[in-house]
Amino acid sequence: MIRIRRIYDPPEPGADGVRVLVDRLWPRGLAKEAAAVDEWPRAVTPSTELRKWFHGGGSAVEFRRRYEAELAAPESVAELDRLRSLAAAGPLTLLTSVKDPASSHAAVLAELLGG
């Protein structure tokens, strides 16, 4: 099972399983201890260039296309395979700081992981 949650929400130890931060930058105002992050694989996070392009007015459709192209890089593919293995072994929670995780890069990532 793959879940998507905001990193600012309190951890749910019985349901979260492995907690994976999928943002390139550490969330503002959040102590690492409070976040309870198990993994932070930057190879599957949107690049700085892609984030800046999107926040500068890029479209969601084009963002998804470009993000999926980034995830096709060998380092990203290896990390995606590892995350799929973690998800197959138990719950996996993708954490992001965005206000609407269901329509963010985390949702694209969850879909690609099979969630």
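Buried means under 20% relative accessible area, exposed means over 50%, and partly exposed is what falls in between, using a 1.4 Å probe and protein chains only. Keep that handy for the tour. This is a predicted model, in which local features need pLDDT of at least 70 and side-chain atom pairs count only at pLDDT 80 or more, while totals for chains, interfaces and linings use all residues. Residues are numbered from 1 along each chain as its sequence is written, and side-chain values use heavy atoms, with hydrogens and water left out.

**Stop 1: helix α5**

Select V77, which lies in helix α5. Helices here are DSSP runs (H or I, at least four residues), strands are runs of E (at least two), and both are numbered from the N terminus. V77 is partly exposed, because its relative accessible area is 35%. Leaving out residues up to four places away in sequence, V77 touches L71 and A72, where contact means heavy atoms within 4.5 Å. Now draw a distance from V77 to S47: the two are 30 residues apart along the chain, and their C-alpha atoms are separated by 15 Å.

Next, click on S76, also in helix α5. Is S76 buried or exposed? S76 has 6% relative accessibility, so it counts as buried. With residues up to four places away in sequence not counted, S76 touches A43, V44, E70 and L71.

**Stop 2: the aromatic rings**

Show the rings of F54, F63 and Y67, which ring pairs link into a cluster. A pair of aromatic rings is described by the distance of the centres and the angle of the planes. The rings that qualify are those of Phe, Tyr and Trp (its six-membered ring), with centres within 6.5 Å; planes under 30 degrees apart count as stacked, over 60 as edge-to-face and the rest as tilted. The structure holds three aromatic pairs. In one of them, F54 and F63 have ring centres 4.9 Å apart and planes at 50°, so this pair is tilted. F54 is partly exposed, with a relative accessible area of 30%, whereas F63 is buried at 9%.

Move on to F63 and Y67, a stacked pair with 5.8 Å centre to centre and 25° between the planes. Both residues lie in helix α4 (residues 60–70), four residues apart, about one turn of the helix. An α-helix has 3.6 residues a turn, so residues three or four places apart point the same way. Like F63, Y67 is buried.

**Stop 3: charges over rings**

Select W40 and R42. The charged end of R42 sits over the ring of W40, 3.5 Å from its centre. To qualify, NZ of Lys or CZ of Arg must be within 6 Å of the ring centre and within 35 degrees of the ring normal. For another example, go to W26: the charged end of K32 sits over its ring, 5.1 Å from the centre.

**Stop 4**

Zoom in on D23, in the loop between β2 (18–21) and α2 (32–35). D23 has a relative accessible area of 7%, so it is buried. Not counting residues up to four places away in sequence, D23 touches W40, T45, L95, T96, S97 and H105.

**Stop 5: helix α6**

Seven of its nine residues are buried, so α6 is largely enclosed by the rest of the structure. The buried ones are H105, A106, A107, V108, L109, A110 and L113. Show β1 (2–6), α4, α5 (74–89) and β3 (92–96) to see what these buried residues pack against.

**Stop 6: a backbone detail**

Finish at A36, in the loop between α2 and α3. A36 has a positive phi of about 50° although it is not a glycine. At 32% relative accessibility, A36 counts as partly exposed.
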